[in-house]
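Colleague: Could you give me a close look at the pocket in this model, and then carry on to the helix packing?

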Amino acid sequence: MSFNTIEINKQRQDLSGRESVWLFGYGSLIFKADFPYLEQRPASIRGWARRFWQGSHDHRGTPESPGRVLTLVESPGTVCAGMAYRVAPAVFDHLDVREKNGYLRFSTPMTFSDGGHEEGLVYIATEDNAAFLGPASEAAIARQIAGSHGPSGPNRDYLLNLAEALRELGAEDEHVFALERFLLGVERC
């Protein structure tokens, strides 16, 4: 699959005739909601874990020096905390461009912090996309993040803003917090 997934995503779900759609954010969508929304609620999804395994050639890095951003990987029993947004379907015109670097929209059941449930959409970069970098040691990922910068700014800001947003949600994520510790250690050296 190519880097650009805009057209693929437009064909994945038929949103016509719907007044609103729930969207689940687990990465930058938690701390950078640059789109209009009708409602915002803390939520979680089951069976998925956040991982900095997706390359960013268009936001937090360049084609020559990609940054690392999040995707979700299947992880039975894991709960991934994030933020849910109820949006008008037209918002996906913007989001499909924002998430175009290998991300596809999938349907997922979400659980709100009050125990309620809704079906929502989530963007996931699967291993068959051209920007997928895959696993590496946390030290190697942190070094790559420390050295990457793209049109949306330093890759480090993505990681640090996410760690802060997760703490504000009261969410634990050992992968993110370990990378934060490594990154801050790299920067002190």
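Modeller: Gladly! A pocket here is an open set of points on a 1 Å grid over the protein atoms alone, where a 1.4 Å probe fits, with protein on both sides within 12 Å along at least five of seven lines; lining residues have an atom within 4 Å of a point. Points are joined across faces, edges and corners, and a volume is the space filled by probe spheres set on them. The model is predicted, so local features need pLDDT of at least 70 and side-chain atom pairs 80 or more, while totals for linings use all residues. Residues are numbered from 1 along each chain, and side-chain values use heavy atoms, without hydrogens or water.

The largest pocket has a volume of about 350 Å³. Its lining has 23 residues, with Ser28, His59, Arg98, Glu99 and Tyr158 closest to the centre. Strands S1 (21-25), S2 (39-56) and S3 (67-87) and helices H2 (28-31) and H3 (91-98) each supply at least two lining residues (DSSP runs: helices H or I, at least four residues; strands E, at least two). By class, 8 lining residues are nonpolar, 9 polar and 6 charged.

Among the contact residues are Ile141, Ala142 and Ile145 of H4, and Leu179, Phe182 and Leu183 of H6. This contact divides into 10 nonpolar, 1 polar and 2 charged residues.

Definitions and conventions
Ala, Val, Leu, Ile, Met, Phe, Trp, Tyr, Cys and Pro count as nonpolar, Asp, Glu, Lys and Arg as charged, and the others, Gly among them, as polar. Contact means heavy atoms within 4.5 Å.
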